[in-house]
Structures are given as C-alpha cells and as structure tokens.
Number of protein chains: 2
Amino acid sequence: MTRWLAPVLLPHLFVGIARAATFSAADIDTARALRDEALAGSGAYEIVTSLTTEVGPRPAGSAADRAAVAWAEDKFAELGLTGIRRQPVPVPHWERGTLEARTTAPFPQPLVAAALGGSIGTPERGIEADVVRFETLEALRAASRADVEGRIVFLSQPTQRATDPSGYAATVYNRVAGPSVAGALGASALVIRSVGTTRNRIAHTGALAYTVNAPKIPAAALSNPDADLLERMLQTGRPVKLFLKMTCRDLPYEASSNVIAEVPGTDLAEEIVLLAAHLDSWDLGTGAIDDGAGVAIVMATAALIRKSGLRPRRTIRVVLFASEEYQLAGAGAYARLPPAEIARHAVALEADSGGDRALALASQVPEDKLALVEEIAAVLAPLGIERGATTTRGGADIFALMRQGVPALQIAQDWSRYLDAHHSPNDTLDRIDREQIDQVVAAYAATAFLAAQAEGGFGRIEAPERTLPSTSGDDRSR
Amino acid sequence: MTRWLAPVLLPHLFVGIARAATFSAADIDTARALRDEALAGSGAYEIVTSLTTEVGPRPAGSAADRAAVAWAEDKFAELGLTGIRRQPVPVPHWERGTLEARTTAPFPQPLVAAALGGSIGTPERGIEADVVRFETLEALRAASRADVEGRIVFLSQPTQRATDPSGYAATVYNRVAGPSVAGALGASALVIRSVGTTRNRIAHTGALAYTVNAPKIPAAALSNPDADLLERMLQTGRPVKLFLKMTCRDLPYEASSNVIAEVPGTDLAEEIVLLAAHLDSWDLGTGAIDDGAGVAIVMATAALIRKSGLRPRRTIRVVLFASEEYQLAGAGAYARLPPAEIARHAVALEADSGGDRALALASQVPEDKLALVEEIAAVLAPLGIERGATTTRGGADIFALMRQGVPALQIAQDWSRYLDAHHSPNDTLDRIDREQIDQVVAAYAATAFLAAQAEGGFGRIEAPERTLPSTSGDDRSR
C-alpha cells in the first residue's frame with residue numbers, strides 16, 4: 001500500500017464539525033455534472049495531439065520552446081479562456097549535441113546511451129577508462145577515492161515498476177546527484193542504468209544537478225539492455241573499458257515564458273485556484289506524457305468549466321510553466337511574484353504524471369480543511385478514485401508555492417506505465433489513452449470547480465520540508 | 001489458420017505403404033531422449049548470450065563480422081564438434097554512417113529513422129522535398145510519374161502481428177522493392193513505415209534491392225510513432241516537407257567466411273543433414289533474435305547429439321552463413337559448391353526465426369517421403385508442435401540448395417514477437433526466452449537425428465518457384 005493510497009481515518013466527531021464548512025448541494029451537483037461531461041469526452045486527447053504534432057519536442061531555450069509558447073497562447077484563445085498572457089522567464093539552454101558510447105574491452109560493442117540533461121561534454125578526443133560498478137548511490141558514496149579515481153563509474157540499479165512514483169524516487173538521485181558524487185571521488189565520467197522501466201533499447205535522459213563543491217564530469221544514461229550487457233561483461237571478471245564522447249553543452253540563457261490563462265471568478269475573483277503543468281519537454285520524444293498530457297489536462301479542465309458557462313467564485317488560473325525539466329526556471333520565476341500575489345493562491349494542483357488514470361486524491365491542507373477534501377473525494381469516488389494521503393509535495397512546479405504556504409491538492413495518477421516512456425524517445429502520442437485521460441480531466445474538473453467554490457478556502461499550510469518524500473517523483477528535476 | 005499449420009490429410013493407404021520405410025523403434029526412442037534432454041537445458045541460451053556479449057552486432061564486412069567468425073570456430077571447438085573449417089566468402093560491406101531526418105513543413109520536428117541496408121547516401125547538403133504518401137507498394141506502382149517526380153515517397157503500410165510470417169510477407173517488399181519502384185517514377189527518396197510490429201520509437205532496418213533499370217535513390221525506415229506523426233501532418237492537408245541527410249555507402253568487398261562444423265556420420269557419412277543459420281546480423285541491435293538464436297539453436301543441436309555419444313548414420317553439418325542480411329553472399333558461395341557436393345545434402349533445415357517456440361514441422365520433400373516427416377512430427381507432438389505445411393521455402397540461406405533439388409524440413413517458430421525487435425535496436429538478448437529456445441532445440445535435435453537415420457533419405461525435390469509464398473519471410477533479403 002502506498003502512502004497516498006492509505007485510507008485517512010478521521011474521528012467521527014471531527015467529520016461532524018467539518019461538515020458545516022463544506023459545499024452546497026448545488027455545487028456538488030455541478031461538480032458531478034462537470035465530472036460526467038469530461039468522462040464523455042474532455043478534449044484533452046485532441047490538445048495533446050495538437051501539441052505533439054504541431055510542436056513536438058520543446059526543450060527549454062530551443063526554437064520549439066518558443067513555438068510551444070505561441071501554440072499555448074493560440075490554444076488558450078481557441079478554448080475560450082481569458083487573461084491570456086506570458087510571464088517572461090529566462091531559461092537555460094542546454095544542447096544535447098552528439099554522443100558516442102562503446103565498450104572497448106573486453107569486447108568492443110557500441111552502446112545506446114543518452115547524455116543526462118545539463119551534462120558537460122567530454123574532451124573532443126573522448127574519454128576511455130576502466131569501468132567501476134556500484135549498485136546504488138549509497139554504495140558509491142561509501143567508496144574510497146582509490147576505487148573510483150580516473151574511472152568511469154557505472155550505477156547499475158534498476159528502477160522498479162509501481163502504480164506510484166516509489167520506483168522513481170528510489171533511483172532518480174542516481175541521475176540527479178550521481179554525477180557530483182562520482183566527480184567528488186575523482187571519477188572521469190558517470191554512466192547510469194536509465195531511470196526507466198522499459199526493457200526497450202532506448203535511453204532515458206533527465207536533468208542532473210552538479211553541486212558546487214565537486215568537479216563536473218560528463219554523465220549519461222544507458223538503455224536497460226545496454227546496462228545488462230555491461231553487467232555481463234563485468235561478470236567475466238576481466239577489466240571493462242568504456243569510451244565516451246559527448247558534445248553536449250550549456251549555451252547562454254534564452255527568453256521563454258510561463259503561459260497563463262484564466263476562467264475569471266466572481267465574488268472571490270481575487271483568489272486563485274492554480275492548475276499547473278509544464279510546457280517544456282525533453283528532446284528525445286515528443287513530450288506527450290511529460291508533460292503534454294498535463295498541459296492537455298489543465299487546459300481541458302479550464303475549457304470545460306468555461307464552456308459550461310459556469311461562473312466559479314474563485315478565478316481558475318492555468319499556468320504552463322517554462323523549463324521545468326531543467327532548473328525549474330518557470331516555477332522559480334512564478335514563485336518570486338510579490339508575496340501579496342502568492343497570497344492570492346487559494347490552492348494549487350499540478351498535472352505532471354502522464355495521461356493514465358487517476359487513482360487517488362491526495363492533499364496538503366491544514367487539518368481543519370480536510371473535510372473539504374473529503375467531500376471532493378466523495379465526488380471523485382465514482383471515477384474509481386480513492387481518498388489518498390494527507391501529505392503531498394504537490395509537484396515540482398508548485399512546490400515553491402507550497403513552501404510559501406499555498407495548500408495543494410494532488411490527483412495522483414497511475415504511474416505503472418509512466419516510466420516506460422518518461423524522458424525517452426518513447427514519449428510519443430501513442431502512449432496516451434483517450435479514456436484514461438478523460439477520467440483524469442473528470443477528476444480535475446470536479447476538483448477545480450469545488451476548490452473555486454469552497455467556503456472559507458483552504459487556509460495556509462506550514463512550509464513542507466524539502467526532504468519530505470515525494471508523491472510525484474523528484475521535486476527538483478523531473 | 002496459416003498454411004503451415006494446416007493439417008495434412010493423408011490417405012490411410014498411403015500412410016500404410018509409407019510406414020515400411022520409416023524409423024526403427026530404437027531411433028525413435030533415441031530421438032525422444034534427445035528431445036527431452038534438450039528440454040531440460042539445451043545450452044542454446046548460453047550460446048546466444050556468448051555471441052551477443054562477446055561479439056554483438058556483426059554486419060557483413062565489419063571488424064565484428066571477422067570477430068564472429070573467430071568466435072564461431074572457438075565455440076564449435078568448445079562444443080566438441082569436428083571438421084571445423086571456414087569457407088571463404090567475399091562479402092559486401094555497407095556502412096550505415098549517419099542519418100538526419102526531420103519534417104520541415106508544416107511543423108518542424110526531428111524524426112527517428114534508419115537507413116535501409118544497401119541504401120545510397122543523399123547528397124552532402126541533404127534532400128528536402130514534398131512528401132507524397134502511398135499506402136501500399138501496389139498503389140505506388142499505379143501512380144503516375146507526375147505524382148511522384150522530385151518528391152519523397154512515403155509508404156505508410158503497417159505490418160500486422162501474426163504467429164506466422166504473413167505480416168512480414170505483406171510489407172517486406174515495401175522495403176526490398178520500394179526504392180526502385182519509387183526511383184523509376186522519379187522520386188528523390190523513399191521513406192517507409194518500418195517493417196515491424198513494435199510501437200516503440202525505434203526504426204527497423206533491412207536490405208533493399210535496387211534493380212538495374214531504375215535510378216538509385218536513398219531509402220530509410222521511420223519508426224512506427226514517426227510514421228504516425230507524418231500521417232497526422234499529412235492529414236492537415238497542408239504540404240508536408242521532409243529533410244533527409246544520410247551518409248551511408250557501399251565500401252569494397254571484404255573477406256569473410258561461412259563457418260562449418262560437423263557431427264560425423266557412420267555408414268552414410270557422405271550424406272549430409274544440413275543445419276543452417278547465419279552468423280552476420282544487422283548493426284542496430286546485437287543480433288540476438290536475428291540470428292544469434294538460430295546460430296545457438298543449430299550449434300546446441302549438434303552439440304547435444306555429439307555430447308550424447310551417438311553416432312548418426314549421416315553427417316550432421318552445421319553451416320553458419322556469412323552475409324545473409326545483405327546479398328546472401330554466404331548462401332550464394334555455398335550453393336556454388338560442385339554439383340556432386342550439393343548432391344550429398346540429404347535434407348536441409350534453417351533456423352532464422354528467432355528463439356521463440358516451435359509451432360509446426362513443415363516440409364518440402366517428395367510425396368513418397370512424407371511418411372518420414374509424419375513420423376518425425378509424431379516425436380515432436382509432445383512439444384506442442386503440429387505437422388505443418390507440405391510446402392516451404394525452407395529459409396533464405398538454404399533456398400538456393402532447394403533450387404538444386406535438396407529437400408527441406410522447417411521447424412516453424414512463433415513469429416508473434418519476432419517483428420517487434422527484428423532488424424532494430426531491440427534485437428537484444430532479453431528477447432530470448434530460455435524455455436522457449438530449449439523447446440526449439442528439442443525439436444531440432446529430434447528432427448536432425450531422425451533425418452540422419454532415415455532409411456532411404458528424402459530423395460530430391462522439384463526446384464521450387466522463386467515466387468512461391470514464403471513461410472519464413474522473404475527469401476532474398478532478411
């Protein structure tokens with residue numbers, strides 16, 4: 001049982017008290033109608049089709065990143081949303097360049113690998129060195145400099161499949177922190193087994209985060225079959241040598257934007273229900289599940305509410321964040337809005353878990369607001385959605401708002417297929433299932449509408465710890 | 001129901017007559033014991049592990065091709081086979097080089113594609129042209145020059161999944177013949193939807209065959225998701241432009257070899273039961289299913305018979321053919337042995353359908369020898385193997401022997417997963433299932449032994465038509 005599927009056992013007395021603050025029967029009926037309308041066809045599939053066909057891969061700082069911003073504005077307008085605008089964001093611009101990876105001993109073979117996002121390149125002549133294998137980052141941390149210096153470190157830990165992000169949480173730091181841990185021990189480069197569950201011969205990229213106190217070393221992910229191959233060579237007991245040549249590099253920052261649109265509120269229009277997703281993607285696929293699906297879910301949710309002619313009390317704001325994948329530049333810019341602006345955010349939801357079905361409604365709200373969440377969960381229950389955990393990090397783009405007290409709801413989706421394609425060439429439209437994404441929009445629409453109506457709102461939360469276990473993967477680098 | 005799964009309905013009288021010529025009870029018992037021994041662990045998995053780990057991709061003419069020849073000799077010796085030798089074969093040497101493919105209109109996106117084996121490269125500046133789509137090769141053949149000239153032809157036909165090679169047979173000529181059909185109509189290049197059943201974003205290569213009377217044009221295969229993407233762009237009704245840049249080229253022929261080993265016969269030692277597979281592979285994967293599995297199956301079969309201490313009547317000869325994938329150079333050299341040598345071949349079997357389970361025993365033998373096949377089939381029946389078709393092309397490497405009258409048996413394997421990985425980066429060891437490949441070796445071992453014992457042998461066959469429908473895919477280019 002995962003944490004966010006754990007049932008919440010509330011004292012009956014507490015539920016009794018809380019009921020006084022919950023929704024009107026009319027609002028519940030409206031939420032149910034929105035839910036059922038989305039189920040019948042939310043339009044999300046068409047939106048992610050449009051984005052992946054007309055823009056495709058859109059890494060931060062690229063020409064396609066700029067095309068995606070223009071696409072988003074046009075799509076918001078087409079969907080009838082208002083207040084369409086850009087928040088300018090300078091974004092990092094990392095260029096993948098080319099990669100050549102091969103074993104040179106004991107058996108020469110080419111390998112399928114991908115540079116980790118943000119990696120430096122190798123010297124032009126490449127790097128050839130003996131491989132030293134560690135199963136985990138912890139084992140690498142425990143290694144001596146003598147074992148590692150001058151070698152290419154191989155982190156071989158596989159990622160486990162699960163309906164929740166627990167598999168990702170267990171291996172993502174190999175990618176994020178591995179390069180600097182290896183660099184600090186004098187390694188010449190790092191290769192990791194891809195953080196992904198597919199056995200296809202494709203590599204999964206994703207951002208690394210160099211620390212300031214370790215030498216930067218080149219880092220790449222091997223496909224799972226290539227990691228297996230390397231392990232078989234290591235099992236011979238003979239020295240294994242790798243050659244790596246990578247031309248990736250950071251270029252100067254580029255102008256990009258968070259793209260914003262709204263369904264205007266009425267009596268509480270100054271208060272904001274934030275629906276977040278990110279517009280950028282990695283470059284290897286077309287950014288369908290990460291995060292075209294999220295973009296489609298939040299756009300379709302707002303469009304559905306708009307189209308229904310409803311006038312929600314609070315403003316429902318959609319923000320498509322820039323450069324989530326690398327350095328969270330858009331989230332950082334948004335979180336630096338003036339405190340009075342941040343304070344307007346009643347609650348935030350982030351869609352960044354692909355397009356597969358919603359399983360649970362998790363939350364991070366004050367205790368005296370849990371009854372609101374319970375009531376929303378009851379509306380979602382016919383979708384097969386359980387009431388999930390009462391703690392959540394919400395998502396990478398909204399976490400900096402949560403750190404400033406903004407409560408969060410989280411529609412926790414099924415991750416069991418997500419890591420098959422995540423950050424890989426396989427992140428393409430065919431991974432999106434129309435029925436499943438409609439169910440997710442159904443959950444978002446009911447939740448967003450009720451959040452906009454909630455009498456008294458969701459209050460403020462204590463700033464969550466940065467080290468709180470994530471329910472949607474790593475909050476620093478997705 | 002596929003042709004080779006169709007039951008063979010023999011007149012009872014005929015069976016009665018034929019029974020006089022079939023196997024001794026002792027030989028049947030021995031065949032059953034070999035079958036069961038293989039099922040308990042044939043060693044084939046270890047052989048394909050060794051080949052894919054120690055050699056990996058081994059396209060004809062490459063350094064790895066030469067390494068594979070040395071590996072084969074060593075492995076034959078390790079397995080205790082005798083008469084280990086090379087038949088020198090000059091092989092073509094095509095170099096893949098690099099490929100860049102992208103749409104430039106209406107929406108610029110990079111595409112995942114692979115040059116077809118044998119393709120010429122593009123001019124150094126690349127080719128940019130409008131795309132014209134045809135569903136099938138037949139539709140392209142029916143097109144007018146005005147529709148095609150100067151354009152990049154896109155053949156969009158998908159390959160259907162089946163337990164037999166019927167899906168492959170329906171689309172492989174898009175790859176083999178498409179380039180010259182398009183070239184003859186003035187196309188500037190050809191892209192095909194990969195001949196493969198995976199929806200992963202990987203492209204399937206494979207040989208083309210230029211005809212002498214058409215201009216050579218560059219040709220590549222798109223991954224299935226990329227073909228879908230191109231179709232979506234075409235569905236907008238707006239002109240779609242592709243850019244292609246490929247540096248592939250033919251280099252001078254190189255020396256390679258068919259590698260041969262035997263289990264020596266006794267009273268009929270001059271007669272040969274030929275077990276064929278091919279040693280070369282395409283370059284994108286590690287040649288596990290195509291044809292590491294076949295190599296392992298025939299090696300393990302011979303080793304099992306050798307290890308059992310049996311002295312078969314006929315010589316069981318294993319030939320690992322060179323350059324099957326491109327121009328069938330090894331098969332051509334072998335088929336040009338003197339007629340007296342060819343006449344020594346009592347029967348031939350070819351393993352070139354991956355490592356998945358055997359479904360049927362097909363044959364191409366004279367009618368008066370069908371009873372032998374029935375009796376062999378009865379020994380295979382406990383493996384879940386049916387008596388298959390009484391016509392077969394046998395396989396690409398033995399077809400030229402069949403054209404000279406050599407009968408063939410075929411252990412028809414399950415193709416339902418085969419085209420997921422065939423000719424693609426996914427042709428890696430993890431596609432091999434130990435239990436399934438052991439079952440295949442069980443079938444080969446019983447069949448090869450009984451073929452070596454068969455009183456009176458299998459006679460001679462009429463040369464099959466070159467246009468006979470194939471039961472193991474295309475006979476010209478695999």
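How many Å separate the centres of domain 1 of chain A and domain 2 of chain A, taken over C-alpha atoms? The answer is 34 Å. Keep in mind that what you have here is a predicted model.

**Confidence first**

The predictor scores the complex with an ipTM of 0.91 and a pTM of 0.93. Chain A has a mean pLDDT of 94, with 93% of its residues at 70 or more.

Domain 1 of chain A is made of two pieces, 3–93 and 253–453, while domain 2 covers 97–247. Where they touch, domain 1 of chain A puts in 16 residues and domain 2 of chain A puts in 21. On the domain 1 side of that contact you'll find eight nonpolar, five polar and three charged residues.

**A covered strand in chain A**

Take strand β7 (residues 189–193) of chain A: five of its five residues are buried. That goes for both faces, with A:Ala189, A:Val191 and A:Arg193 on one side and A:Leu190 and A:Ile192 on the other.

Over in chain B, eight strands build an open, mixed sheet, running in the order β1-β10-β12-β11-β13-β16-β14-β15. Its edges are β1 (82–95) and β15 (386–387) of chain B; each has a single partner strand, so one side of each has no neighbour in the sheet. The partner of β1(B) is strand β10 (residues 249–263) of chain B, running antiparallel and joined by eleven bridges. Within that pairing, B:Val89 sits opposite B:Ser256.

Helix α4 (residues 63–78) of chain B touches β1, β10 and β12 (314–321) of chain B, and its direction makes about 5° with that of β10(B). Helix α10 (residues 288–307) of chain B touches β10, β11 (268–278) and β12 of chain B, with its direction at about 150° to that of β11(B).

**Where the chains meet**

Chain B and chain A contribute 22 residues each to their contact. On the chain B side, α3 (44–54), β3 (109–110) and α9 of chain B each supply at least two residues. The most come from α9(B), with five residues. By class, the chain B side divides into nine nonpolar, seven polar and six charged residues.

Helix α9 (224–235) of chain B also turns up around helix α3 of chain A, as part of what covers the buried residues there. Which residues of helix α3 (residues 44–54) of chain A are buried? They are A:Ala44, A:Tyr45, A:Ile47, A:Val48, A:Leu51, A:Thr52 and A:Thr53. The cover from chain A itself includes α4 (63–78), α10 (288–307) and α16 (434–453). Just after α3(A) comes A:Gly56, which takes a positive phi of about 75°.

Terms used: Residues numbered from 1 in each chain as written. Chains lettered and ligands numbered in written order. Predicted model: local features only at pLDDT ≥ 70, side-chain atom pairs only at ≥ 80, totals over all residues. Domains from an automatic or database assignment. Contact = placed C-beta atoms within 7 Å. Nonpolar A, V, L, I, M, F, W, Y, C, P; charged D, E, K, R; others polar. Pairing = 2+ DSSP bridges. Helix = DSSP H or I, 4+ residues; strand = E, 2+ residues; numbered from the N terminus. Axes fitted to C-alpha atoms, helices over the stretch in contact; angles between N-to-C directions. Buried ≥ 20, exposed ≤ 12 C-beta atoms within 10 Å, placed from the backbone. pLDDT = per-residue confidence, 0-100.
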